[in-house]
Structure formats: C-alpha cells, structure tokens
Amino acid sequence: MGVREVHQARLLIVDDEPELRRMLLSILRGDGYADIHEAATAAEAMEKALRLRPDAVILDVMLPDGDGFSLLKELRTFTQAPVLFLSARDEDEARLRGLGLGADDYITKPFLPRELTLRLGAVLRRTYGAAGEGGVIRLGAVTVDMETGVVSGNGPERTLTAKEYALLSALNENRGRIVTVDALCMAAWRGENLGYENTLMVHMRRLREKIEPDPSHPRYLITMRGLGYRLLKEDGR
Amino acid sequence: MKGNFLRAAGGLAAGLAGVMAAVIAVNLVLFGFAVSYLSRTDGGRVRVSEYAEALSQDASGAWTMAAEEAEALRGRGCWAMLLDAGGAVVWSQDLPDDLPRAYGPAQVAAFSRWYLADWPVKVWAVGDGLFVLAQPRGSEWKYQVEMPTEQVGFWPVWGAVMLAANAGLLLGAAAFITHRAARRRDAARSEWISAISHDVRTPLSMVLGYAAALEEASELSGEQRRQAGLIREKGEQLRGLIADLNLTNRLEYAMQPLKREWLSPAALVREAAANFLNEDLDGLHPLEVSISPAAEETRLLCDRQLLGRMLENLIRNSVRHNPQGCAVRVSLERQGRRLRLSVSDTGRGFSGEQLERLGRGEGAQDEGGHGLGLRIVRDVARAHGGRARFANLPEGGGACVIDGLRPTRRAGRKISS
C-alpha cells in the first residue's frame, strides 16, 4: 500500500461525538485530505476498516462499546495502518506510552488543528515513506527524491547515504520546526545518542554539501546552537 | 509526598484529640449520673449500729428498744432479735414464727456472712450478745470478698492496664477510621478533578479547533480574525490550566505514582526549549540553552511528563511576565553528584509579593496565570529530590534555581530518550 502523497491517504475517524467528528472532518479537509470516513462505535469502526481498508485511523481512546486499545488489537489482526489516538484523560498517557506505539502516535485533547495535522502527516510519512509532494523534497532549485535518495539541481546528481537519508527525513517530517540533536540521533542510530553528537555534526556537514549550494552559508539546513537543526520551509519559516 | 504526610498526620492528631475530648465528656456525664443515682437511693440504707444502740436492758434484765427506732424498723418491714452469749433469743421484734428461737455457732457464722432463711441480715455486738437485724427479703445484696493479701495490689494494676489497653484500641480504631475517611476524601476529590477536566477537554477541543480555523479564514476581516485569535489564545490558556490542575492533582494526592525512568536531562531541556521556540512566533523571547559537559553525561531517574511540564512552566512564566520581550536562559550543570537546573530571564523579575508567596510555598498569582504553574515547579522539583528557589537577579530579571535533583549517574550504554 503505497501512498505517494500523504493527502491522498484514506482516513477513518472513530469518535462517538458527532460534533467532534464534524470538526475533525473540517480540519482534515482544510489540510487537503479528501478521502475521509467516519465511525461512531468500535463495531462500526471494525466494519468500515475491513471494508474500506483505510491508510490511517484517528481513534478516540474511549468509545461507547469498548476502548481504543482493544480496537487497536483487533485492527492489527488484518492491517498495519497507523493509528493516531485521541485521548481526553491524562491517565491514558501512561498506557499509550506503554504501547510501544511504533508508527502510531497519540494526541491529548484539547489540541490545535495544526497539532493534529502535523502528527497525522508525520505518522503517514513514517509508515509509507512519502515525502511531501510526490516523494520529493524541494529546497529552492535543489530537489531530493526520497524514493531513490537522489539529490539533483546542485551540480552533478548525488545519492544520500543511509544516515543522511534518515536525518533528512526526520527534519522533513518536522519541516519548519527545530529537531533536537537527541531526536536526530534517535532517527539515525535508533536510540543511542551517546557520543554520536560529533558524528552527527559530520553527517550534517556532508548533507549540507549535497543539498546546499553554499554549505558554509546554509539557506535551508540551519543549526540551532545547543539544540539541534531545522529544515526551513520554502518561504523561509 | 511530605506535605501530604504532614496533612494526614495533622488530620490524625486533630481526630485523636476530638475522640479523646468526646471520651472524657461522656465519662464525666456518666459519672455524674452514677453519683446522683447513688445519693438518691442511699437514703434507704439501714444502719444496724443505730438500732443496736437503741436497745436497753432494765433492772430485771429484760431488753427493750426505744419506741422511735422500733417504729422505724417496723416501717421499713424489718425484724430484729438479740441473741445472748449462748445463742438464745432474749429479745425480738416481729421475728417470723418459722424461725428458730435459738442458734448454734455454725448458724450464726453462716447468717452473719450471708442470709438467714433468705432474709438479708446485719449483725452488731451488744455487750456479749449479738443484735441481728433482718431487712425485707430481696432488698439487700450481700457478698463476701476475700483474697490473699499479695493479690490486693494486683487488681488496681490490672484495672489500669485493661483501661489503657481498651483506650488504646479505641483510639487506634478512631485513628484508622479518620485516616480512611481522609483517604477516601482525597480519592473523591482527585476523581472529581479528573472527571471535570475530562469533560472540559472535548468542548475545549472544539473551541480551539474552530477558533484556529476562523483565525485563518480569508473571508473574515482582519479584526474578526484577531478576535478569533484571542479566543484561540485564551483557549490555550485554559488548556494549560487543565494540564496544571491534573498535575497538581497527581502530585498532591499522589493518586498516580511517578513514572520514573532513566532519562537524559539534557535531552529533556533541549526538547522543552525546541517545543517553546517552535511555538514562539513573535520571536520576542530568544532562548539560550547551556548544558555543561558533565551534565550532558548525567542520567536522571525521573518522570518525563512531570519534568517536561516543569520546564515548560518555567519558560512560559518568564514569557508571560514579560510580554514586551526578554531573553530566557536555561542552564544545566553538575554540582558534585547532583544536578542544578536554572531558568533565568532578563525581564522585570518577580514582585515582592510573589516572592513572598513562593517562599511560603504557595503559588504566585498574577495577571496572566492561575498560580498553579510555579507551584507545580516546586512540587515536581521536590518529587525528584530537589528544591526550587525563586529570586530576582541583581542585574534585573527573575530566576528559578532547582538544586539537588537526584539521583544521578553517568550515562550508560542504553537510554530511552
């Protein structure tokens, strides 16, 4: 199941409150999603998930006929589609963390629309590896094809190494936002951040050489001193 | 939590004092009843000596009782007799016909202690004879008490010990009940706060969602979008309040234990700083993070959510107090085996009243906040073995220094940050 572009993803919203569903629908439509389905109960969610095979599920932890945790278990018997949990209780947080969510994520009510669409986009990109428009990251004249890892538009075409690819996708998932060195080390070295900070700097310098026309005066891949890095958006934010 | 324990101990002491006061009051009242009852019923008591002294012997050797006493005896339904040294009845008044007119030593010994044919009798020596006074059947209870002398001292001690043991049990039971009631009340309050905040969260999602949508709606005027932005901003403040309320709930009533894990405090600081900078759109509050190499390598056994909230509250506090803008600095360093975290700013600092409230361990109420934020900072620091101090810097601006975060250790191979 390949989603070339996150907004093409088929979504299933599961929440028993019709008003909240309507709001989620309008937030997601506003963000560019079009293929959105709704369910009010766990039973209806199972039926729709089986029939429609959504690419991602937005799931309220508390449902009138069961909780989201057991529904996740049932969903997992036939689909690996990522789940974004909605929770209204702090007590859920421990359980959600304890799930070892993997590709899945959770968001605590109340949330801002932007927070929801950011999380959902990140979850989809993590699962389906799509990177923005058509799997391509645009940095001014330079483009990076995230399907092949090929950088073009900056001299001769060059290919990203595995670490550079992991770092760039982590930054791109949070484009416009600061990603801490810890999160970057996590993305590239699977959790061991100790002693990798110098190595991280080396990888970042090499990544800059590939994607920045003038690596010593970067325009997109910005260092946030003492914190991490930020991949600026096209509009410079 | 220490505050919790002290409160519980205080409640317990108050409960015990109340129970003791009640016990004393009830005992006094009962004692008063007993005294008044005994003094009321004691009037009917017959004093055998008075009647014995009313007997007199004339020249012929015949005995008579003074008329007044004789009348009184009859009025009480008593009878009386006088035995001579040989046990023969030499005088009597109303002596029942079925009773013998002479008594042997064994009979005398028996009735002088107990009863004579079910008549409760009292005796008094008159000369070498014995005066015997019988009260109506069933009117008097007689029992002989005898014990070895060495046991005499045992009974008061036994009584005192039993009293103390019973009082102890009673107080223990009272304390247990008081304690359980306090726990139940805490649990109820905690559940109530959870329930309220749960019920507020979903509607607030809708307020935030639609306000944010209106804020970006191009068909609205600039002023209308600003108004929507204000709704969104206030909604976010409410969201912060609910989060703080829940955390206070967690810390104060200790309903949920801390979820401790070994984490990199440096990573937590960077995460909090990045979160803040990602949201800080106006750029009026530049944030600087400084982490010493030793602190970088330190791992802290801590609750990620609580520590994150503490950092967020400290940074937001600086920002909220300085809407005109100020620089914020977060630093983390090692002090021996412990960690010191400080958040300072170049703004206008705390007011004297705020510092005083914070020093007393209360929240600092101010125009933009609800006062829970810094209280949470203090409680989270304490839950992690540290102590939060608030002060104004000589060069201007406010600072919070958290000392003594423990325990620390050098970074291991594997961390979960």
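Tutor: Let's start with a term: a residue is buried if 20 or more other C-beta atoms lie within 10 Å of its own, exposed if 12 or fewer, and partly exposed in between. By that count, 28% of the 417 residues of chain B are buried. Keep in mind that this is a predicted model. Chain B has 12 helices and 15 strands, and of its contacts with a separation of 6 or more, 64% are between residues 24 or more positions apart.

Now for the helix pair. Two packed helices are described by the angle between their axes and the distance between the axes. The pair to look at in chain B is H8(B) and H10(B), the latter covering residues 304-321; their axes come within 10 Å and cross at roughly 50 degrees. That angle makes H8(B) oblique to H10(B). As for handedness, the crossing of H8(B) past H10(B) is right-handed.

Zoom in on the residues that meet. H8(B) brings Leu268(B), Val269(B), Glu271(B), Ala272(B) and Phe276(B). Facing them from H10(B) are Arg304(B), Leu307(B), Gly308(B), Leu311(B), Glu312(B) and Ile315(B). Sorted by class, this contact has seven nonpolar, one polar and three charged residues.

One of those residues leads further in. Val269(B) is among the residues with the most contacts inside the largest nonpolar core, which has 73 residues.

Follow Leu184(A) into chain A next. Leaving out residues up to four places away in sequence, Leu184(A) touches Leu167(A), Ala170(A), Val179(A), Leu200(A), Gly228(A) and Tyr229(A). Chain A itself has eight helices and 14 strands, and 41% of its 237 residues count as buried.

The two chains also touch, with 31 residues of chain A and 32 residues of chain B taking part. On the chain A side, at least two residues each come from helix H1 (18-31), helix H4 (90-98), helix H5 (113-128), strand S12 (178-180) and helix H7 (181-189). H1(A) supplies the largest share of that side, six residues. The classes there come to 13 nonpolar, seven polar and 11 charged residues.

Two single residues make a handy check on the burial cut-offs. Tyr106(A), in strand S7 (residues 105-108) of chain A, has 20 other C-beta atoms within 10 Å, so Tyr106(A) is buried. Beyond its sequence neighbours up to four places away, Tyr106(A) touches Leu84(A), Phe85(A), Ser87(A) and Leu96(A). Leu245(B), in helix H7 (residues 222-253) of chain B, has 19 such atoms within 10 Å and is therefore partly exposed. Setting aside neighbours within four places in sequence, Leu245(B) is in contact with Ile193(B), Ser197(B) and Leu372(B). The C-alpha atoms of Leu245(B) and Ser194(B) are 8.9 Å apart, although 51 residues separate the two along the chain.

Methods: Residues are numbered from 1 along each chain as its sequence is written. Chains are lettered from A and ligands numbered from 1 in the order in which they are written. This is a predicted model: local features need pLDDT of at least 70, side-chain atom pairs count only at pLDDT 80 or more; totals for chains, interfaces and linings use all residues. Two residues are in contact if their C-beta atoms, placed from the backbone, lie within 7 Å. Helices (H or I, at least four residues) and strands (E, at least two) are DSSP runs, numbered from the N terminus. Ala, Val, Leu, Ile, Met, Phe, Trp, Tyr, Cys and Pro count as nonpolar, Asp, Glu, Lys and Arg as charged, and the others, Gly among them, as polar. A nonpolar core is a set of buried Ala, Val, Leu, Ile, Met, Phe, Trp, Tyr and Cys residues joined through C-beta atoms within 7 Å. Axes are lines fitted to C-alpha atoms, for helices over the stretch in contact, and angles run from 0 to 180 degrees between N-to-C directions. Angles under 35 degrees count as roughly parallel, over 145 as roughly antiparallel, 65 to 115 as roughly perpendicular and the rest as oblique. A crossing is left-handed if the near helix is turned anticlockwise from the far one by less than a right angle, and right-handed if clockwise.
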